[in-house]
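Look at the model first, then work through them.

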Amino acid sequence: MATLLHLNVSPRGDASTSRRAGQLVRERLAASHGELTVIERDLAAQPLPPIDAAFTDANMAVAAGRTDADPAALALSETLIAELQAADVVLITSPMHNFTVPASLKAWIDLVVRTDRTFARTPQGKQGLLRDRPVLAVVSCGGRFSDDAASQRDFFSPYLTYVLETIGLKQVEILRMESTSRGPDHVARAFDKLQSWCTTVVPVLLA
């Protein structure tokens, strides 16, 4: 039985496009790959704290090979990393906030991306220490993306891809559901795009 880590990010509850999309993806995964063990981390219902001085000092102690690191300061980080290590597939369903990742998702990233714990510094650059596995990200965007001056820019996708690759997760596929604030017709088209993605891209990534 495969294990899925699902990071739910939107604070909008049942009104959230990304949460509805996440449920659809989970149903498709279960239909094609059998029953899933799901680790659900709701970053809106249970927001993570921003990193503080205690975490920073303990993390720096670990990276420096010192023995004075405070285990309590790193406990939440270790829990989040353990959830990630247990997963065969990661699903991130999130809105885009101000062109990039919401603060709640950034807090998760800051607690998971750690020197000499999830990545190592080498002469060739940062090398991920986690086992690679597929990451599916569905991003709900109120605006649209194109080459004209009126469209918005996407800093979410390149950032998320880069930071996950840093810790060893290189199979990252991101679907943007665009123009979701522009009415039901746009939302319907976004879900049509999601259905196609679930049929064509997701099975190949998880093969």
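Predicted model: local features only at pLDDT ≥ 70, side-chain atom pairs only at ≥ 80, totals over all residues.

Q: Is serine 16 buried or exposed?
A: Serine 16 sits in the loop between β1 (2–8) and α1 (17–33). Buried means under 20% relative accessible area. Serine 16 has 1% relative accessibility, so it counts as buried.

Q: At what angle do helix α2 and helix α3 pack, and what is that arrangement called?
A: Helix α2 spans residues 53–63 and helix α3 spans residues 71–86. Their axes are 8 Å apart, at an angle of about 85°. Angles of 65 to 115 degrees count as roughly perpendicular. Therefore α2 is, relative to α3, roughly perpendicular.

Q: How many residues of the contact of α2 with α3 are nonpolar, polar and charged?
A: On the α2 side are Ala54, Phe55, Ala58, Asn59 and Val62. They meet Ala73, Leu74 and Ser77 in α3. By class, the residues of this contact are six nonpolar, two polar and no charged.

Q: How are α3 and α4 arranged relative to each other?
A: Helix α4 covers residues 103–112. α3 and α4 pack with their axes 8 Å apart, at an angle of about 95°. The two helices are therefore roughly perpendicular.

Q: Which residues make the contact of α3 with α4, and what are their classes?
A: From α3 come Leu76, Ser77, Leu80, Ile81 and Leu84. From α4 come Trp108, Leu111 and Val112. The classes are seven nonpolar, one polar and no charged.

Q: Which residues is serine 77 in contact with, leaving aside its neighbours within four places in sequence?
A: Serine 77 lies in helix α3. At 1% relative accessibility, serine 77 counts as buried. Beyond those neighbours, its contacts are Phe55, Leu111 and Arg114.

Q: Why is α4 largely enclosed, and which elements do its buried residues pack against?
A: Seven of the 10 residues of α4 are buried, so the rest of the structure largely encloses this helix. The buried residues are Ser104, Leu105, Ala107, Trp108, Ile109, Leu111 and Val112. They pack against β1, α2, α3, β3 (89–95) and α5 (156–166).

Definitions and conventions:
Residues numbered from 1 in each chain as written. Heavy atoms only, no water. Axes fitted to C-alpha atoms, helices over the stretch in contact; angles between N-to-C directions. Helix = DSSP H or I, 4+ residues; strand = E, 2+ residues; numbered from the N terminus. Parallel < 35°, antiparallel > 145°, perpendicular 65-115°, else oblique. Contact = heavy atoms within 4.5 Å. Nonpolar A, V, L, I, M, F, W, Y, C, P; charged D, E, K, R; others polar. Buried < 20%, exposed > 50% of the residue type's maximum accessible area, 1.4 Å probe, protein only.
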